[in-house]
Amino acid sequence: MAERLDPDMPNRILREGFLTSPRMARLSWAAEVFYRRLHSVVDDFGRYHAHPMLLRAACYPLQLDKVSDSDIGKWMLETAEAGLVRVFEHVGQQYLELVDFRQQ
């Protein structure tokens, strides 16, 4: 197995349940890609900043010219409506949490 280049980056294994999830099936292709990318940036509790600019920079670092903050907002809403993500406020800041996140 190859050595990880950055030991501080999260290491995630996505299970086959993604393929048969009714909640995932509700998503557009773009929202599904966004949701899968979220798994690469959330912390060990499935949480991350919910600010669209921060999400865009974290999830699409080499595609900032292809993805807009409004795209992120649209996909956040879509994933929330599908019951995959919830947004909450803590100390005046918006955060997201992946619903039923299980660190693998």
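The protein chain exposes about 7100 Å², and carbon and sulfur atoms supply 56% of that area (Shrake-Rupley accessible areas with a 1.4 Å probe; for residues, only the protein chains shown count as cover). Keep in mind that this is a predicted model, where local features need pLDDT of at least 70, side-chain atom pairs count only at pLDDT 80 or more, and totals for chains, interfaces and linings use all residues. Residues are numbered from 1 along each chain as its sequence is written, and side-chain values use heavy atoms, with hydrogens and water left out.

Now for the fold. The protein chain has five helices and three strands, taken as DSSP runs numbered from the N terminus (helices: H or I, at least four residues; strands: E, at least two).

How much of the chain is buried? Of the 104 residues, 33% are, where buried means under 20% relative accessible area, exposed over 50%, and partly exposed in between (1.4 Å probe, protein chains only). As for contacts (heavy atoms within 4.5 Å), take those between residues at least 6 apart in sequence: 55% of them join residues at least 24 apart.

Next, a bit of backbone. Most residues other than glycine have a negative phi. V91 isn't a glycine, yet its phi is positive, at about 50°. You'll find V91 in the loop between β2 (85-90) and β3 (93-98), and it counts as exposed because its relative accessibility is 71%.

D100 also has a positive phi, near 60°, in a residue other than glycine. D100 sits in the segment after β3. With 47% relative accessibility, D100 counts as partly exposed.
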